[in-house]
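The sequence and structure are shown below.

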Amino acid sequence: MQRNSKRLFGRWRNGGWLLAGWVLCFAGSALGQQRVPVAVASFDHPERVERRWQPTLDYLNQGQSDYHFEVRALPPQELRQAAERGEFDFMIQNSVKAVQFKEKFGASQLLTAAPLWTDSAEKAIGSALVMRTGEAVTEIDDLAPLRVVSTSPHAFGGYYAFWRELAEHGLSPESFFQHLNFVGFPQRALLQRVLDGSADVAILPSCLLENAVRDGRVPPGALTVALDQRPQGFPCGVSSALYPYFTVTMLSSADSDVATYLVRRLLELDSTHPAAQSGLYRHWTVPVNDREVYALLKSIGLWPFETDWRYLAGEAMPYALALALLLVAGYLHHLRVRAMVARRTQELRQEMAQHEQTQRRLTEQERAFYKAQRILLTGEMAAGIAHELNQPLASIRYLAQGCGYRLENGAEPEELKEGLGRIGRQTEKAQGIIQRLKSFCARPMATESVALVPLIQETLEMMAPDFRRFDCTPALALPAHQHPSVPGDGVLIQQVLVNLLRNGLDAMEALTPSQRALELSLQPEQGGWTVSIRDHGSGLSEHALGRLFFPFESSKPDGLGLGMMVCKRIVDEHQGTIRARNANPGLEIKVWLPGEQQ
């Protein structure tokens with residue numbers, strides 16, 4: 001007996017260690033996974049919505065250890081706020097919300113689901129007016145005096161879809177229905193209200209009645225769908241046009257590798273899988289045409305066809321306050337400067353009577369001072385737009401000054417031809433920048449093969465006056481026997497280089513000339529080329545470094561925080577990456593662009 005006990009204890013101990021090893025391995029794997037929250041628009045109890053979609057996310061988590069998908073059911077208002085805070089990258093929601101998120105947040109639809117009751121993902125759901133059999137109306141006008149119930153004024157499958165039917169007759173639900181109540185969820189409770197006579201009409205999603213009859217919740221033949229206009233082959237009664245089913249949507253911040261995995265896995269899922277049965281869909285397909293959803297939103301006057309003033313006011317309020325404070329501070333500063341200039345002018349006028357030469361000099365200084373003030377105020381107001389034009393305009397200014405100096409020294413017109421030609425090229429470059437500013441998000445960039453070494457040399461030559469002003473000569477390290485090139489837009493890439501070099505010079509402004517050092521190098525890296533720019537300034541704090549590419553975040557006292565955001569946008573458009581680190585001393589920024597290594 002004792003020997004058997006020891007043998008059982010030994011087996012338990014060995015099995016326990018084995019179980020503990022598996023637990024530790026699993027925990028280690030879980031710690032290395034990338035957490036991927038997936039938000040779901042919840043028009044019902046959140047726990048019910050999570051139970052519906054959890055099997056789908058479990059299916060995505062199976063067979064791989066790189067990502068861990070987590071479901072978050074959120075009401076529409078909380079969903080929008082969470083999107084603004086960047087708390088998730090993927091969403092499962094109805095087609096109306098998908099279109100609205102596309103317009104507000106730049107979201108992209110990845111997939112559309114086909115419901116269990118039909119194989120069409122494009123014509124899958126509409127509105128059904130459920131009434132008692134024998135009392136169903138045949139005309140829309142007959143609905144006006146009846147007691148009507150719906151779940152929510154924001155429900156797509158029921159309320160929005162039938163709202164469009166009323167709008168096409170020149171009607172609105174609030175003025176048309178004499179007795180309209182929103183009673184909340186669950187939707188099945190509305191069927192009971194019609195059955196017990198407390199309501200005459202229930203506005204519900206199509207196929208809900210048929211599913212309730214099939215599940216035994218509603219007696220067969222007790223209820224029917226009024227104003228039925230179902231298309232051929234659609235298995236359920238429907239009182240409105242049909243619209244696409246649920247969609248999977250990706251925000252612009254989402255990881256493309258995660259999106260690729262998610263799309264591939266969902267396309268492999270068929271209707272027999274428990275996840276599809278729980279989610280009430282047959283399969284997933286590519287995004288369907290959503291023109292009918294846009295037509296619905298336009299008919300009922302919802303975003304983006306009606307301005308959401310409350311949303312815009314909330315978004316614009318911080319910037320409006322900042323702009324108001326800036327304008328007030330600028331106006332007070334302008335008044336102060338005017339008062340100072342007026343006093344100084346009076347003093348100068350008293351001296352001009354005795355010193356004519358001094359008078360002319362002081363008058364010129366006064367005019368220059370006023371001109372500088374106008375330029376300063378204009379620059380503060382237009383800095384956000386003019387930021388992109390700074391590079392070509394600065395080149396034009398230096399070239400024009402050089403031509404002027406040569407004219408003063410008696411140069412012949414032929415000698416000015418090269419400078420004037422470069423001015424023309426810089427003007428064309430400025431025109432290109434203006435065009436890209438107008439269509440940066442709507443049109444593709446101009447793509448060509450850009451030779452990096454000549455581009456860097458041209459940039460340094462163009463910025464030579466800035467280097468002389470800072471008394472700083474950049475240290476340059478370029479590949480000796482290679483001719484690197486990248487596909488993209490040379491003007492945009494040059495804008496990134498100019499902005500980073502100027503930031504490096506500004507960071508060293510407080511140093512002595514002997515302490516200023518700016519390093520620029522070009523090296524091959526991982527199927528592309530990396531441009532490194534390092535200054536020897538004071539660097540950035542960890543907080544500032546983490547928010548370096550956020551708009552309106554700047555470490556400069558007079559900066560707008562737009563430069564680095566524009567640089568990141570340009571690099572992203574070129575399928576590259578930009579990263580920064582403190583180099584102790586100074587800051588090092590690396591820009592990687594995919595390209596050829598010859």
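## Disulfide and salt bridges

The link of cysteine 207 and cysteine 236 is right-handed, with 105 degrees about the S-S bond. The two cysteines come from distant parts of the chain, 29 residues apart: cysteine 207 lies in the loop between strand S8 (201-205) and helix H8 (208-214), and cysteine 236 in the loop between strand S9 (223-226) and strand S10 (247-250). Helices (H or I, at least four residues) and strands (E, at least two) are DSSP runs, numbered from the N terminus. The S to S distance is 1.9 Å, and the count comes to one disulfide, defined as a pair of cysteine sulfur atoms within 2.5 Å. Both cysteine 207 and cysteine 236 are buried. Buried means under 20% relative accessible area, exposed over 50%, and partly exposed in between (1.4 Å probe, protein chains only).

This is a predicted model, in which local features need pLDDT of at least 70, side-chain atom pairs count only at pLDDT 80 or more, and totals for chains, interfaces and linings use all residues. Residues are numbered from 1 along each chain as its sequence is written, and side-chain values use heavy atoms, with hydrogens and water left out.

The structure holds 22 salt bridges, each a side-chain nitrogen of Lys or Arg within 4 Å of a carboxyl oxygen of Asp or Glu. Three of them are listed here.

| Salt bridge | Closest N and O atoms |
|---|---|
| Arginine 35 – glutamate 70 | 2.8 Å |
| Aspartate 119 – arginine 282 | 3.8 Å |
| Glutamate 268 – arginine 265 | 4.0 Å |

Arginine 265 is buried, with a relative accessible area of 15%.
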